[in-house]
Amino acid sequence: MSRNEDNPDREQRPAFGEDRFPADSEDDLSEWLREHPEAHGDMADLQRMRELYQSVSVPQPEEAAWTATLTRIASGSRLRVKPALRRKRLGAILSLTAAAALVAVLLARSWWTGQSSTQPQPQLAEEVFPVVEADDVTIISMDARDVAALVVGEPPISGDLEFVQAADIRVIKCQRCPKCGNVPRLAQGAVPMVVTSVARVDEPEE
Amino acid sequence: MATLTAPCPTVASDEQLLACHAAGHRQALEELFRRYRQPAYHVAYRLLGHEADALDAVQEGFIKALTHLHSFQGRASFKTWLLRVVSNAALDLGRQRGRREAISLDAPQTNEATHPQLLAADEAGQGLERADLRRLLEQALASLSEVQRQTFVLYADGELSYREVAEAMGTSIGTVMSRLFYARQRLRAYLDERDPV
C-alpha cells in the first residue's frame, strides 16, 4: 500500500466507521487498518462507548414541562424573531421624533429671531481664565505620559506667540542634532520658516 | 402582524418548517420542537446533569437558533445548528450556575423517585442498575475537559457524525477525531477503574 504514515487517515477513519467511506478507497483503508490494529480497536471502542451512553436513558421531563418550554420558546422567539419589524417601528418613531424636533427648532428660531429684533442683543461676557500661582495648584494625579509636558515655575515665554516670516530670522548656526544625528534643512520663502530634519548624517570615519 | 401567505405543508422539511415559522405559523415551531427536543435535551442534560437546567438550555438554544438563523443557513443542517447552540447554551448555563450536585462525584441521584415511569419498563433491580450505570457514566463524563465533553456529547447523545460535530463546533474533523480519541481514552480509564463495563 502506498499510503504514507503521516496520519493521512484522520478524515477517512471516521467515514469508514460510519459506513460512509468511498468504496473505491475502502481496500486501501482496510489494509491500513490491518497494519494498524490499534486504530481499528480505537474506532470500535469509541463506537462501543457511544452505544453505551446511548443505551442509558436520561431522566425525562414531564409532558407539562415540555409544553411550558415550548410556550416559552414561542414567546421568546416571537419577541426576538422579528428584529426587522422592530427596527422598522423604531426607525419610524425616530423619524417622527426627529421631524418633531426639527419643527420645534425652526419655530423656536423664528420666535427667537423676532424677540431679538425688538430687544437689544446682550453682550457676551468674556470669560477670562483665572491665572493662578503654582502654589494654588495641587496636583492630585496625572498620567505618567504627561509628566514631560508639565512645566513648573515661570512660563517659558511671556506674551503672545506669533508666527514669524523667514526674513525675521537670521540663522546663526545650524548643526546636527546631537541626539538623533539628523540635520535640519531651512526652507525659506514667503511662508513661515519650516525646519525639518531630512537626513541622518553619520560621523565621517577617521 | 405577520401575513400568512401560504399554508405550511403537512409533511415538511426542516427548511420548509423554518420558512413557515418565519411566516408566523405556530405549528411549524411545534413540529420543529417535536423533532429535535429529544436530542437537544439529551445533549443539554449530559452537559448539565440536571433536568430543569437542561430544559432551560433547550429553551435558550431553540430561541437563539431560531432568531439567528442567518448565521447558519446553508452551512449545516438545522439539527447540527441547533445542537451547537444548545450545547453552547448548556455550557454557559453550567458556568453560570456551577455544575449541580446531580453530577457531583459523591451525590446520590434521586431522579428515579421523581420519575417512576423510568422504572416501569424495567424490573426494579434492573432499573437501579441502570441508574447506577448512568451515574457512573455521568461521573466519567464530568472528568473530561469541557471541550472534550462537548465533543463527545454531540457525538454520542446528539448522534452527530464526525463531520457534523466538526461543523457544530466550528473545527476540523481531525480535531474532532483527536478530541474523541482522548475523551474515549479517559472515559475508558475512568470506567475500567471503577466498574469494568
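## Helices α4 and α9 of chain B

The crossing of α4(B) and α9(B) is right-handed, a crossing being right-handed if the near helix is turned clockwise from the far one by less than a right angle, and left-handed if anticlockwise. This is a predicted model, in which local features need pLDDT of at least 70 and side-chain atom pairs count only at pLDDT 80 or more, while totals for chains, interfaces and linings use all residues. Residues are numbered from 1 along each chain as its sequence is written, with chains lettered from A and ligands numbered from 1 in the order in which they are written.

Helix α4 spans residues 78-97 of chain B and helix α9 residues 162-169; they pack at an angle of about 55°, with their axes 9 Å apart. Axes are lines fitted to C-alpha atoms, for helices over the stretch in contact, and angles run from 0 to 180 degrees between N-to-C directions. The pair α4(B) and α9(B) is therefore oblique, the term for angles that are not under 35 degrees (roughly parallel), over 145 (roughly antiparallel) or 65 to 115 (roughly perpendicular). On the α4(B) side the contact involves B:Thr80, B:Leu83 and B:Arg84, and on the α9(B) side B:Glu164, B:Glu167, B:Ala168 and B:Met169; two residues are in contact if their C-beta atoms, placed from the backbone, lie within 7 Å. By class, this contact of α4(B) with α9(B) has three nonpolar, one polar and three charged residues. Ala, Val, Leu, Ile, Met, Phe, Trp, Tyr, Cys and Pro count as nonpolar, Asp, Glu, Lys and Arg as charged, and the others, Gly among them, as polar.

## Helices α2 and α3 of chain B

The axes of α2(B) and helix α3 (residues 51-67) of chain B come within 8 Å and cross at roughly 130°. Helices α2(B) and α3(B) are therefore oblique to each other, and their crossing is right-handed. Residues making the contact include B:Phe33, B:Tyr41 and B:Ala44 of α2(B), and B:Ala54, B:Val58 and B:Phe62 of α3(B). The classes in the contact of α2(B) with α3(B) are 10 nonpolar, one polar and three charged residues.

B:Pro39 also lies in helix α2 of chain B. With 19 C-beta neighbours inside 10 Å, B:Pro39 counts as partly exposed; a residue is buried with 20 or more other C-beta atoms within 10 Å of its own, exposed with 12 or fewer, and partly exposed in between. Not counting residues up to four places away in sequence, B:Pro39 touches B:Lys79, B:Leu83, B:Asp157, B:Gly158 and B:Glu159.

## Nonpolar core

The largest nonpolar core has 58 residues, of which B:Ala44 and B:Val86 touch the most other members. Such a core is a set of buried Ala, Val, Leu, Ile, Met, Phe, Trp, Tyr and Cys residues joined through C-beta atoms within 7 Å. Helix α2 (residues 26-48) of chain B gives the largest share of this core, 11 residues. Beyond four places in sequence, B:Ala44 touches B:Ala54, B:Ala57, B:Val58, B:Val86 and B:Ala90.

## Chain A and its interface

Chain A has five helices and two strands, in the order α-α-α-α-α-β-β from the N terminus. Helices (H or I, at least four residues) and strands (E, at least two) are DSSP runs, numbered from the N terminus. Of the 206 residues in chain A, 8% are buried.

In the interface, 29 residues of chain A are in contact with 37 residues of chain B. Helices α3 (37-55) and α4 (63-81) of chain A each supply at least two residues of the side touching chain B, and α4(A) gives the largest share, 11 residues. This side of chain A divides into 15 nonpolar, six polar and eight charged residues.
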